[in-house]
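Below are my notes on the model you sent, in numbered points. They cover the salt bridges and then the nonpolar cores.

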Amino acid sequence: MEGKCFNQIVLFVSLLLLATVASLVEGQGTRVGFYSSSCPRVESIVRSTVQSHFRSDPTVAPGLLRMHFHDCFVQGCDASILIAGSNTERTAGPNLLLRGYEVIDDAKTQLESTCPGVVSCADILALAARDSVVVTGGANWAVPTGRRDGTISRASDAANLPGFRDTVDVQKQKFLDKNLNTQDLVTLVGGHTIGTSACQFFSYRLYNFTSTGGPDPSISPAFVSQLQALCPQNGDGSRRIDLDTGSGSRFDTSYFANLRDGRGILESDQRLWTDASTKTFVERYLGIRGLLGLTFNVEFGRSMVKMSNIEVKTGTAGEIRKVCSRIN
């Protein structure tokens with residue numbers, strides 16, 4: 001009964017979201033249903049491909065969501081992250097651990113067989129990111145399509161991606177540079193409700209963080225010992241830990257509860273609770289009494305639509321790549 005109620009709630013939120021974002025998706029030359037005549041099966045093909053890969057490897061869901069984010073923040077949402085070769089974006093430090101490239105390649109192969117030369121890799125990635133949220137329990141939203149693929153991919157352009165040590169002011173500026181506001185920042189970083197991080201990106205918070213040799217005081221003391229057991233000093237830095245402790249495979253609001261409780265994994269994430277300008281949005285997602293609440297699933301879809309229209313190439317700009325991971 002509990003599972004049935006949860007599914008009904010997700011369905012209701014999905015329908016609400018599909019209706020409320022309709023006015024937002026006509027941005028910069030993209031639109032919902034762009035391929036309705038030229039390739040009507042595009043969304044079902046991408047969805048089934050994501051579902052198939054997810055069944056055999058659940059890590060592809062957060063991987064595809066991160067990949068879309070990293071793509072949009074560098075050269076816009078143009079699939080430049082997918083281009084292989086030396087000194088391309090995917091070789092940059094922040095992108096080395098991205099995963100899910102094979103999912104995009106699989107979907108592209110199927111689409112080239114069905115609708116050759118029609119669907120861009122950038123649109124496949126945008127659709128796959130949405131479908132990754134859905135397969136992990138999040139709500140559906142209408143994805144505008146019509147993007148074209150970029151032809152340039154440089155590792156140096158990825159230097160300004162949001163980082164795990166960034167202050168809130170730095171994070172806000174990086175988002176503002178992409179026309180995303182503070183609410184978008186908190187909402188999109190909330191995508192960390194699924195996925196993992198390697199110990200090497202946060203273990204510095206556990207040892208000798210303060211001048212007296214203590215851990216980061218913003219971490220709950222009880223949680224420090226748990227993390228130290230998982231990521232011992234001078235241990236395996238590649239070991240991966242859920243970013244949303246206790247719910248790393250389900251798209252939900254427990255990530256925000258963890259920030260409130262001092263259980264944020266990344267320093268940049270935990271700062272969303274300690275800074276007043278971002279804390280208010282975390283509280284609203286948690287339904288703190290006295291504040292106007294926000295529905296995370298609805299707002300996440302809205303912010304994703306905004307992000308997915310960053311500096312898109314449409315019309316005759318760019319190209320329709322035949323092989324998404326072609327060598328540059």
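How many salt bridges does a search of the whole structure find?

1. The search finds 15 salt bridges; a salt bridge here is a side-chain nitrogen of Lys or Arg within 4 Å of a carboxyl oxygen of Asp or Glu. This is a predicted model, in which local features need pLDDT of at least 70 and side-chain atom pairs count only at pLDDT 80 or more, while totals for chains, interfaces and linings use all residues. Residues are numbered from 1 along each chain as its sequence is written, and side-chain values use heavy atoms, with hydrogens and water left out.

2. One of the bridges joins R130 to E43, with 2.8 Å between the closest N and O atoms. R130 is in helix α5 and E43 in helix α2 (residues 42–56), so the pair ties together parts 87 residues apart in sequence. Helices are DSSP runs of H or I with at least four residues, numbered from the N terminus. R130 counts as buried at 3% relative accessibility, whereas E43 is partly exposed at 26%. Buried means under 20% relative accessible area, exposed over 50%, and partly exposed in between (1.4 Å probe, protein chains only). E43 and R130 also belong to a salt-bridge network with D131.

3. K108 and E112 form a salt bridge whose closest N and O atoms are 2.9 Å apart. Both residues lie in helix α4 (residues 101–114), and being four residues apart they are separated by about one helical turn. K108 is buried, with a relative accessible area of 2%, and E112 is buried at 18%.

4. K174 pairs with D166 in a salt bridge, the closest N and O atoms being 2.9 Å apart. The relative accessible area is 12% for K174, which is buried, and 13% for D166, also buried.

5. The largest nonpolar core has 68 residues, of which V46, L82, F300 and M307 touch the most other members. Helix α5 (residues 121–135) supplies the largest share of this core, nine residues. A nonpolar core is a set of buried Ala, Val, Leu, Ile, Met, Phe, Trp, Tyr and Cys residues joined through side-chain atoms within 4.5 Å.

6. Which residues does F300 contact, leaving aside its neighbours within four places in sequence? They are L65, V133, W141, T187, L188, G191 and F251, where contact means heavy atoms within 4.5 Å. A second, separate core has 13 residues, including C199, L206, V224 and L243.

Notes. Helices (H or I, at least four residues) and strands (E, at least two) are DSSP runs, numbered from the N terminus.
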